[in-house]
Amino acid sequence: MPKTKFQSVIFTILMAFTMVYGMICYNIALNMGGMSNQVFLKAFHELIIMWPVAFILEFFVVEKLSQKLAFRIVTPGKDRPIFIILAISAMIVCLMCPMMSLVATILFKHPGTELIAVWLETTVFNFPMALCLQIFFVGPFIRLIFRTIFKKQLAQQPCIEP
């Protein structure tokens with residue numbers, strides 16, 4: 001969707017913030033044994049650490065790699081745009097979920113000698129939620145916000161190369 005580097009930075013900032021906040025709320029609720037209003041406030045403490053990590057990983061590592069992997073499944077210009085969006089989104093989750101779960105495991109779960117086991121468990125718990133959040137909620141919501149913010153620019157500019 002973004003057509004310039006600036007738009008790509010803004011899109012990634014919005015997407016990373018929303019996904020990280022949602023996933024932190026999910027993990028806090030799991031740790032507390034259920035949802036409460038307190039979860040939403042507690043999430044901001046971890047957000048200040050995890051959001052920049054997610055942005056850096058997404059922008060500098062995952063973005064290009066997820067497109068390359070997705071384009072093995074779909075072909076831009078040939079397949080419908082929704083299939084391209086879904087393929088890229090799924091690949092982003094497949095790459096980001098294990099990476100962010102590892103960071104969260106190290107920083108917040110204090111796994112000690114059980115690092116691999118706790119990381120795998122965290123990834124398994126997080127993956128279904130991350131995929132659903134990305135495909136059904138955060139992805140469409142952020143694309144709507146992005147299209148609203150950059151309506152004029154998106155209509156005027158040629159697309160950047162993937």
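Reader: Is F60 buried or exposed?

Author: In this predicted model, F60 has a relative accessible area of 59%. Exposed means over 50%, so F60 counts as exposed. F59 has a relative accessible area of 15% and is buried, because buried means under 20%.

Reader: How is a pair of aromatic rings described?

Author: One gives the distance of the centres and the angle of the planes. The structure holds 8 aromatic pairs. One of them joins F6 and F150: the ring centres are 6.1 Å apart and the planes stand at 80°, so this pair is edge-to-face.

Reader: Which parts does the pair of F6 and F150 tie together?

Author: F6 belongs to helix 1 (residues 5-32), while F150 sits in the loop between helix 4 (115-149) and helix 5 (151-156); the pair therefore ties together parts that are 144 residues apart in sequence. F6 is exposed, at 55% relative accessibility, whereas F150 is buried, at 6%. F59 and F60 also form an edge-to-face pair, with 5.1 Å from centre to centre and 85° between the planes.

Reader: Which residues form one aromatic cluster?

Author: The cluster consists of F6, F11, F146 and F150.

Reader: Which residues form the nonpolar patch on the surface?

Author: The patch is formed by I48, I49, L102, I106 and L107, which together have about 430 Å² of accessible area. Helix 2 (37-70) and helix 3 (81-109) each supply at least two of its residues, and the largest share, 3 residues, comes from helix 3. I106 lies in helix 3 and is partly exposed, with a relative accessible area of 46%.

Note on methods: Residues are numbered from 1 along each chain as its sequence is written. This is a predicted model: local features need pLDDT of at least 70, side-chain atom pairs count only at pLDDT 80 or more; totals for chains, interfaces and linings use all residues. Side-chain values use heavy atoms; hydrogens and water are left out. Patches are made of residues with over 30% relative accessible area and no salt bridge: like charges are joined within 9 Å, nonpolar side chains (Val, Leu, Ile, Met, Phe, Trp, Tyr) within 5 Å. Accessible areas come from the Shrake-Rupley method with a 1.4 Å probe; for residues, only the protein chains shown count as cover. A salt bridge is a side-chain nitrogen of Lys or Arg within 4 Å of a carboxyl oxygen of Asp or Glu. Helices (H or I, at least four residues) and strands (E, at least two) are DSSP runs, numbered from the N terminus. Buried means under 20% relative accessible area, exposed over 50%, partly exposed in between (1.4 Å probe, protein chains only). Rings of Phe, Tyr and Trp (its six-membered ring) pair if their centres lie within 6.5 Å; planes under 30 degrees apart count as stacked, over 60 as edge-to-face and the rest as tilted.
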